[in-house]
Amino acid sequence: MNFGVIIKYWPRLWSGLQLTLLYSAIAIVLAIVWGVLIGAISYRKPPVIGQITRAYVCFFRETPLLVQLYFLFYGVSRYISVPAGFIGVLALVLNDGAFIAEIVRGGLQSLDPGQREAALSLGFNEFQTMIYFLIPQAWKKVLDSLINMMSIIIKDTSMLMWITICELNYQCNQVNIYSFDPISAYMFGAAVYLALFLIVQGVRRLIKVRSNRIDKRLNMKTNKEEVLNV
Amino acid sequence: MTWEERFLVLKTMFVQGMPMTLKLIGASLLFALLIGIVLGTVRSMKIPVVDQILGAYALICRGIPTIIILLFFYAYFTRGTQFWISVLAISMVEGAYMMEIVKGGYLSVDKGQWEAADSVGLPRLYTITRIVLPQVMLVIVPALMGQIVMLVKGTCVAATIGCMDVLRRAQLLLPKYSYPLEIYAYILVIFFVMCHFLTWLGKKLERTVVKRIIGD
Amino acid sequence: MENNDREIVVSLQNVVKKFGHLTVLDDMSLDVYEHETVVLCGPSGGGKSTLLRTINGLERINSGKIIYRGTEVTHRNIHSIRKHIGMVFQSFNLFSNLSVKDNLLIAPCKTLGKDKKEMLKKASDYLELFGVADKMDAYPHQLSGGQKQRIAIVRSLMMEPDLMLFDEPTSALDPEMIKEVLDAIRRLSQQGMTMIIVTHEMGFAREVASRICFLESAKIRVDTDTKSFFGDTQDERLQQFLSVILHH
């Protein structure tokens, strides 16, 4: 790997990295909000809307992101003029949001139905039950998968280069074109993506260790109680 | 678009593009499964050094976008067609995921199965191929089918380096038939049908074969 | 019964087995003669199962010798020796991806190179004998625990073993199924099969065992014929153990 190339094209790569981080951050936040919303709806299965969300989740999970991007960018934006960045975020949110929705729905379904019944019996309405009780409980269960989705979203932003967004992957490609040095150009990009992946996985592990420790403490408590009862 | 144009577009996509897409899927799937099963088996043995190398391989393939690996291979390898470069990149990445899935499958097989095979004197390799691996494959059907769907979706990146698959063929039609919304919609539907069929097949396998043999 | 004129099937000589710092078998010696039914009993953690597993090479020993019919068992020859030793596990360990038929046929056909047709006949005879004749084409998950264990016994018998090892064969079973498995083992005992059985079923032990060993803290505390085992034992720990087990 030739660091001269990296240094020479640093401004380019740096602006690419900034865009990648920006799009990742926006897409992660919106995709989680969207995914939780859709996941909660498909868990409750209201008539018509429930079927629509199910069809949406199914369709977006089973078609390629790249084609979704092309479809929205070259297809839809032919009729309505919208910036590429908007389309990019939209596609990421629709695509990865569908995956998150499935995760959230799975988390909600794994909860004890007694929780919902108890909340309803105390006079909370469906919406309050969802917001105050079910989603917070499911959140703990799905957090690990959600963090995993974050690294997937970061990786997915690399597809945005195909709709004229000059993110990191695009800039690496450009550097290769200018420098004829594929190793330096792509290895740099690969290393950055890998580093981002490792950071996210590190956070994931940290949270796991912490929640394990809390679980352990709770377990010890219950054990102690059992001992005392005996 | 008139019906005649529509017919021509679809014909071009199916006659010229689909064979390439199917070839991409077939070849990538074959190599990815091969990598997954062989290396997953090796990984389950936890051989020092080898396991670290395979762990690094898995990390790289999970951490780096496929597209950047593909573009790198395309720029780096001066020989080889776009088809084979795409197959290499896709099967390398998907193979790593499958390796991890297969490894997980091995962990779920009860130790008693190995002991029972030992106690009746079955040779090691035979135990793996006849007893343990079949159980692994049955257990991982849902995860593996999910990954195969990812692979099928993932093959369309080959179009970005000029591999003449269904997506690329469709793009080449765009200058002549300027209906991107409709043409891309066809591609979406084509991939949806393939993936949904595989998802359905996976569920079917789970409900029939897997349930019949190893129960719930 | 006089053992002097009978051949020793398996002999453990000063066997030591450790798991990390924990000694599970401490300088243990045991001879098992032909046609004997030896029951190993004692509190859990006493090393009974480990003893059984070392004989079949499932655990490697740290020192000492295991001699099977005059040959020392090493990791080199364990593979061929295992073909003569049947093992029945607590958790059955039927191959879960194979039907009952394949479970029974796989080992003799593959490792002994027996004729498939002949073995099929033999398998159905055994299944008949043990009351599971209709289960030939079932998969393990479709069977009850008692049926699984009887089929696991048949799987071992298909190899025409010279010695059978039973590792708590009834511990994972519901009470109503224990009897059917014990009946199967009793039948083998009557046929003169050499057997080593780890069990907590003391009533059963009293009935089938020719010899009983009481293991505690990695040692054989008592090794005597069945009659005197339940009779006037001097060992204090054994008395305690028996009083707990028998009055349970």
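Is Phe73(A) buried or exposed, and what is its relative accessible area? Phe73(A) is buried, at 14% relative accessible area; buried stands for under 20%, exposed for over 50% and partly exposed for in between, with a 1.4 Å probe and protein chains only.

Before going on, note that this is a predicted model, where local features need pLDDT of at least 70, side-chain atom pairs count only at pLDDT 80 or more, and totals for chains, interfaces and linings use all residues. Residues are numbered from 1 along each chain as its sequence is written, chains are lettered from A and ligands numbered from 1 in the order in which they are written, and side-chain values use heavy atoms, without hydrogens and water.

Across all chains, the whole structure holds 25 aromatic pairs. Rings of Phe, Tyr and Trp (its six-membered ring) pair if their centres lie within 6.5 Å; planes under 30 degrees apart are stacked, over 60 edge-to-face, and the rest tilted. Here are two of the pairs:

| Pair | Centre to centre | Angle between planes | Type |
|---|---|---|---|
| Tyr56(A) and Phe60(A) | 5.2 Å | 50° | tilted |
| Phe73(A) and Tyr74(A) | 4.8 Å | 85° | edge-to-face |

Tyr56(A) and Phe60(A) are both buried. In the other pair, Tyr74(A) is partly exposed, at 34% relative accessibility.

A cluster linked by ring pairs joins Trp34(A), Tyr56(A), Phe59(A) and Phe60(A) with Phe192(B). Chains A and B also have the most contacts (heavy atoms within 4.5 Å) among the 2 pairs of chains that touch. Chains A and C do not touch, and their nearest C-alpha atoms are 21 Å apart.
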